[in-house]
Amino acid sequence: MSSGDNKNIALITGITGQDGSYLAEFLLKKDYEVHGVIRRASTFNTTRIEHLYADRYTHKGGKMTLHYGDMTDSSSLVKIISKIKPTEIYNLAAQSHVKVSFDLSEYTAEVDALGTLRLLDAIRTCGLENQVKFYQASTSELYGKVQETPQSETTPFYPRSPYACAKLYAYWTVINYREAYNMFACNGILFNHESPRRGETFVTRKITREVAKIHLGLSECFELGNLDSQRDWGHAEDYVQAMWLMLQQNEADDYVIASGEAHSVREFVEEAFKCIKKKIVWIGSGLKEVGIEEGTNIPRIKVNPKYFRPTEVDMLLGNSTKARNKLNWSPKVTFKKLVENMMESDIQLMQKNPSA
Ligand code: NDP
Ligand code: GDR
């Protein structure tokens, strides 16, 4: 949908995050005017989007504008929306770490659940509910203790963390606003997606950073939590295209976006070591399990229970047939290519800056 002069104006909450940065890049290439909500932080939090300014040093120029705001502050959201009058809003902002949500449960609900409600209400306050198309970053974590495999749009939810419970509230709020106010609002139920820009404390990026350090002789061994959990991992660059496609349809709807392949954390580790031409063999079990470099006695991975979650999501595997048929979407990057892409990037990063 476009405004009177047919200009596409996108507002992205969470623009400084992994997905926000790829989505901003994607929309700028499509000639959108892109606006992003950023939080005030005591250090620079725009490293993932710096290259999108016309001048990355002065942070000036280009077709991207940043606005201070916060998902916990309704008035900031109303001000931004009334000023820029977006044609599309992508709600990507979240306290997105599942393990951290057990420690910050109330805050996670404030941002991820009520934040979504605030944003939808801000659109209504500005009288734009029938002009804006809205994308909500829903998640495969909604399936939690899975009731059916693979998971599709019709699989029942069973959230297993404060994060997933908050996202469940947001998911239903989006559907309720669609039905109550005829808003064009979609849930993208995205399975895990990673990239060289993935936050350093998520398991994939933690592994590729640590294996890169081992490759460069900067470290010997690292610790992980549950090696058995399985995830359906794709590449973030493929997944942001699906977000946009959802908003280009005639009808608002909800879609699962997934690769359709599941791999364990253990397999991710093995694939990362393959990139540096080393093989890992596993000995022991449970807390005593250790990953040893083949042909040596050097332990490379140890299990530490401090990374376990009070309730774990054991296995996720998505069925994205609906998106493949209706959106004509399919992922291009395979699991192997994803790991290679992240490994190459982290080796380069560590070579430039060993303390990164
Ligand atoms: P990130 O953690 O990389 O980015 C989260 C973004 O939200 C950052 O820009 C962060 O700002 C911002 N943010 C956090 N709290 C607030 C707040 N109170 N007000 C305003 N902005 C805030 O997440 P991803 O890019 O990986 O994920 C994007 C969205 O998709 C999230 O909602 C996530 O829950 C969801 N999701 C992610 C999946 C994945 O595999 N990546 C899968 C399914 C869903 P700052 O940079 O300042 O911290
Ligand atoms: P997830 O991603 O919880 O699926 O949420 P994460 O990478 O944190 O965990 C995946 C699995 O790996 C296991 N694990 C570890 N996890 C972390 N972070 N650190 C470790 O050391 C470690 N060892 C093992 C976890 O127990 C888990 O089973 C991500 C986020 O992006 C959410 O915002 C998003 O909604 C979902 O993906 C889909």
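Where does K277 lie? I found K277 in the loop between α8 (265–275) and β13 (280–283). Helices (H or I, at least four residues) and strands (E, at least two) are DSSP runs, numbered from the N terminus.

Before going on, I noted the ground rules. Residues are numbered from 1 along each chain as its sequence is written, while chains are lettered from A and ligands numbered from 1 in the order in which they are written. This is a predicted model, where local features need pLDDT of at least 70, side-chain atom pairs count only at pLDDT 80 or more, and totals for chains, interfaces and linings use all residues.

I checked confidence next. The protein chain has a mean pLDDT (the predictor's confidence in each residue, from 0 to 100) of 96, and 98% of its residues reach 70 or more.

K277 is a residue other than glycine, yet its phi is positive, near 60°. K277 counts as exposed because it has 7 C-beta neighbours inside 10 Å; the cut-offs are 12 or fewer other C-beta atoms within 10 Å for exposed, 20 or more for buried and partly exposed in between, with C-beta atoms placed from the backbone.

I also looked up N328, in the loop between α9 (321–327) and α10 (335–352). Phi of N328 is near 60°, again positive in a residue other than glycine. N328 has 8 C-beta neighbours inside 10 Å, so N328 counts as exposed.

My last stop was P150, in the loop between β5 (133–139) and α5 (162–181). I saw that the peptide bond from T149 to P150 is cis, with omega near -5°.
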